[in-house]
Amino acid sequence: MHTTLHLLAEAPPQMLPARSLMAFTLASHIILVPMGVALPLITLIMHGYGLRRGDATALLLARRWSAVMAVQFAIGVVTGTVLSFEFGLLWPGLMGRWGDVFGIGFGVEAWAFFLEAVLIAIYLYGWRRLPARTHFLLGLPLPATALLGAFGILAANSWMNTPRGFSLDSEGNPVDVDVWKAIFTPMFGPQYWHFVVAMLLTAGYVVAGVYAVGWLRGRRDRYHRLGFTVPFTVAAVFTPVQFMLGDAIARAVFQKQPVKFAAMEIVWNTDTHVPEYLFGRLHPDGTVTGGIKIPQLDSILAGFRPDTEVHGLTSVPAENRPTVAQATLIHWTFDIMVGIGSVLVLLVVWYAFVWWRRRRLPASPWFYRSAACAGVASVIAVECGWITTEVGRQPWIVYENMRVAEAVTGARAGSLWTMFAVVVVVYVLIFGSFLAVLLKMRTRWRLDDERSREADTMTTPETDTPYGPRSAVAAPTEDGRP
């Protein structure tokens with residue numbers, strides 16, 4: 001029997017629906033994560049710029065971004081809570097045996113979540129109600145709490161990839177837990193910084209993409225120019241950094257998780273002078289079809305020498321490695337992620353070159369078309385990165401210590417499929433509502449801008465009644481104008 005089919009036949013019937021449900025909810029939640037982690041920093045950069053320059057346009061942008069930040073956080077609360085419950089409901093074997101070892105990461109994330117909720121509420125409420133300096137200073141802890149939440153989640157995930165900080169008793173249960181070693185595993189540093197920088201550049205490109213679309217539609221005022229320049233510059237600064245961090249984490253995977261690296265690069269047999277395949281498909285006999293083959297490049301990338309030995313998938317038994325289909329999947333997701341990153345570097349070079357030579361933004365419509373696509377491409381790259389991380393660890397849920405099949409729930413497969421269908425419907429409604437709210441906010445803001453232009457005024461959010469109620473709005477005249 002084909003190895004993949006044999007392994008699937010041996011898997012519990014709950015595996016497929018449990019994996020499908022977890023994959024769907026995780027992929028949905030990840031769409032929101034870049035904005036949750038990085039939008040507070042981008043907003044505060046714009047806020048600080050507005051205060052320093054006395055720029056009403058910058059303050060208006062910061063205030064509107066803070067409203068988006070609050071709505072996004074509310075949606076993220078729902079999707080994040082669902083994920084936390086799924087760990088216990090779908091994978092009781094994992095939490096029951098290993099929760100005492102790596103659960104500290106979830107505890108840190110929970111504290112960061114509550115702290116961030118309080119700070120977002122204060123920051124959002126503070127517009128027009130607090131003195132400018134006080135309001136800005138109260139917002140400064142927001143990026144730190146977002147990074148703290150990421151710290152907790154990445155500590156848990158990196159532990160699943162390289163588990164440390166415990167001993168096993170005679171029955172195979174973890175004892176003698178060392179919390180510090182469980183948090184700071186060999187993969188924690190590479191994963192954490194790769195993730196954080198990915199969130200910063202993704203959020204930057206997503207926000208800038210909104211204003212790039214406006215620019216292409218003829219809205220070329222200072223509001224759109226500033227709304228594009230600040231987040232795009234943040235993303236542009238971190239893009240080359242991310243390229244280097246991506247190279248570092250790939251090398252860390254090569255050293256700490258050689259079987260995952262073999263799957264990422266579809267290497268079948270352990271060898272030196274290993275070629276690099278751009279895309280391509282791995283077959284059960286170890287052959288690769290399709291794609292572009294570059295001789296010796298994989299060995300060079302892994303160890304800077306063509307004679308670097310790269311472990312192949314066959315270095316471990318079939319039941320201890322990803323299947324051929326899984327290896328092909330994560331090879332593609334890895335290549336897509338790297339390809340998107342490479343294109344973004346070229347976009348940043350274009351932006352930097354024009355700014356260096358002419359001290360202005362590029363004028364070509366193709367630049368703004370590319371910038372508008374960069375946000376979507378960045379989100380796709382984030383999704384591909386998580387697929388590579390999670391599928392590449394298969395068949396282990398705790399690398400080399402517990403298989404996914406051992407951790408899965410004993411609930412009936414039919415019940416799990418029903419739960420999956422309900423979750424899909426609920427998420428469609430949640431994300432549909434999120435989009436509807438954002439579109440309604442956009443429409444209201446455009447109407448406000450049109451009225452301000454007609455009145456030839458722009459109210460600065462920080463100076464209109466810092467304390468107490470807002471200024472009274474003039475009653476509209478018979479023709480509808482204020």
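## A loop residue with positive phi

Gln-296 sits in the loop between strand E6 (292-294) and helix H12; helices (H or I, at least four residues) and strands (E, at least two) are DSSP runs, numbered from the N terminus. Although Gln-296 is not a glycine, its phi is positive, about 65°. With a relative accessibility of 31%, Gln-296 counts as partly exposed; buried means under 20% relative accessible area, exposed over 50%, and partly exposed in between (1.4 Å probe, protein chains only).

The model is predicted: local features need pLDDT of at least 70, side-chain atom pairs count only at pLDDT 80 or more, and totals for chains, interfaces and linings use all residues. Residues are numbered from 1 along each chain as its sequence is written, and side-chain values use heavy atoms, with hydrogens and water left out.

Phe-279 has a positive phi of about 65° and is not a glycine. The loop that holds Phe-279 runs between strand E3 (276-278) and strand E4 (281-282). Phe-279 is partly exposed, at 30% relative accessibility.

The peptide bond from Gln-394 to Pro-395 is cis, with omega near 10°. Pro-395 belongs to the loop between H14 and strand E7 (396-398).

A polar atom of the Thr-308 side chain lies 2.9 Å from the backbone oxygen of Arg-305. Such a polar contact is a pair of N or O atoms within 3.5 Å; within protein, one must be able to donate a hydrogen and the other to accept it, and residues adjacent in sequence count only if both atoms are side-chain atoms. Neighbours within four places in sequence aside, Thr-308 is in contact (heavy atoms within 4.5 Å) with Phe-254, Asp-271, Thr-272, His-273, Ser-299, Ala-302 and Gly-303.

Gln-326 is part of helix H13. Its relative accessible area is 18%, so Gln-326 is buried. The Gln-326 side chain reaches the backbone nitrogen of Thr-323 at 2.9 Å. Not counting residues up to four places away in sequence, Gln-326 touches Arg-19, Val-391 and Gln-394. Gln-394 is also the residue from which the cis bond to Pro-395 runs.

## Helices H5 and H7

Helix H5 (residues 104-126) packs with helix H7 (residues 141-161) at an angle of about 160°, their axes 8 Å apart. Axes are lines fitted to C-alpha atoms, for helices over the stretch in contact, and angles run from 0 to 180 degrees between N-to-C directions. H5 and H7 are therefore roughly antiparallel to each other; angles under 35 degrees count as roughly parallel, over 145 as roughly antiparallel, 65 to 115 as roughly perpendicular and the rest as oblique. H5 passes H7 in a left-handed crossing, a term used if the near helix is turned anticlockwise from the far one by less than a right angle, with right-handed if clockwise.

The residues that make the contact include Phe-106, Leu-115 and Tyr-123 of H5 and Leu-142, Phe-151 and Ile-153 of H7. By class, the contact of H5 with H7 has 14 nonpolar, four polar and two charged residues. Ala, Val, Leu, Ile, Met, Phe, Trp, Tyr, Cys and Pro count as nonpolar, Asp, Glu, Lys and Arg as charged, and the others, Gly among them, as polar.

## Helices H9 and H14

Helix H9 (residues 188-216) and helix H14 (residues 365-391) pack at an angle of about 150°, with axes 8 Å apart. The crossing of H9 past H14 is left-handed. Among the residues that meet are Phe-195, Tyr-205 and Trp-215 in H9 and Tyr-368, Arg-369 and Trp-386 in H14. The contact of H9 with H14 divides into 17 nonpolar, four polar and one charged.

Phe-188 also lies in H9. Phe-188 is buried, with a relative accessible area of 6%. Leaving aside neighbours within four places in sequence, its contacts are Phe-151, Leu-154, Ala-155, Ser-158 and Ile-183. Phe-188 and Thr-162 are 26 residues apart in sequence, and their C-alpha atoms are 8.6 Å apart in space.

## Thr-25 in helix H2

Thr-25 lies in helix H2 (residues 15-53) and is buried, at a relative accessible area of 0%. A polar atom of its side chain lies 2.9 Å from the backbone oxygen of Leu-21, and one lies 3.1 Å from the backbone oxygen of Met-22.

Residues up to four places away in sequence aside, Thr-25 touches Val-82, Leu-83, Glu-86, Val-423 and Tyr-427. Thr-25 and Val-82 are 57 residues apart in sequence and 7.7 Å apart in space, C-alpha to C-alpha.
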